[in-house]
Amino acid sequence: MESAPIAVHRPSPPGGRRASVHRHGRDEILGLAFSDHDLVVFLEAAGITDPDLILDDPAWVEWRGADAHHWNAA
């Protein structure tokens, strides 16, 4: 695998971060998360088991454009 299958993109100007998962050869947008809880809910809906345990695992989640767990615009 070249990169983590889950991407949390840079914060948007009004806040929140787009979350996406790469599967079946394409990226699927899960939604706009405003907290770790939102992200966990999106990942559970996508079928990921125990998503709260993988948020800090770089093999699973790539935090782009800002530090992990940072949800507000810079």
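Two residues are said to be in contact when heavy atoms of theirs lie within 4.5 Å of each other. With that idea in hand, the predicted model shown above can be explored one region at a time.

Setting aside its neighbours within four places in sequence, Ile 6 is in contact with Ser 20, Val 21, Leu 43, Ile 48, Ile 54, Trp 60, Val 61 and Glu 62. Ile 6 also belongs to the largest nonpolar core, a group of 16 residues in which Ile 6, Leu 39 and Leu 43 touch the most other members. Several elements come together here: strands S1 (6–11), S2 (17–23) and S3 (26–33), along with helix H1 (36–45) and strand S4 (61–63), each supply at least two residues of this core. The largest share comes from H1, which provides three residues.

Attention can now turn to the aromatic rings. How many aromatic pairs does a search of the whole structure find? The search turns up one. Its partners are Trp 63 and Trp 71, whose rings are 5.7 Å apart from centre to centre, with 75° between the planes. Because an angle over 60 degrees counts as edge-to-face, the pair formed by Trp 63 and Trp 71 is placed in that class. Both of these tryptophans are buried.

Next comes the empty space. Rolling a probe the size of a water molecule over the atoms shows where such space is left. The largest pocket has a volume of about 170 Å³. It is lined by 14 residues, and those closest to its centre are Ala 4, Ala 7, His 22, Asp 27 and Arg 64. Strands S1, S2 and S3 each give two or more residues to the lining, and S2 gives the most, with four. Sorted by class, the lining has seven nonpolar, four polar and three charged residues.

Asp 27 is found in strand S3. Is Asp 27 buried or exposed? Its relative accessible area is 52%, so Asp 27 counts as exposed, the cut-off for that class being over 50%. Leaving aside neighbours within four places in sequence, Asp 27 is in contact with Val 21 and His 22. Asp 27 and Ala 7 are 20 residues apart along the chain, and their C-alpha atoms are separated by 9.3 Å.

Technical notes
Residues numbered from 1 in each chain as written. Predicted model: local features only at pLDDT ≥ 70, side-chain atom pairs only at ≥ 80, totals over all residues. Heavy atoms only, no water. Phe/Tyr/Trp six-rings, centres within 6.5 Å; stacked < 30°, edge-to-face > 60°. Buried < 20%, exposed > 50% of the residue type's maximum accessible area, 1.4 Å probe, protein only. 1 Å grid on protein atoms, 1.4 Å probe; cavity = no way out; pocket = protein on both sides within 12 Å on 5 of 7 lines; lining within 4 Å. Points joined across faces, edges and corners; volume = space filled by probe spheres on them. Nonpolar A, V, L, I, M, F, W, Y, C, P; charged D, E, K, R; others polar. Core = buried A, V, L, I, M, F, W, Y, C linked by side-chain atoms within 4.5 Å.
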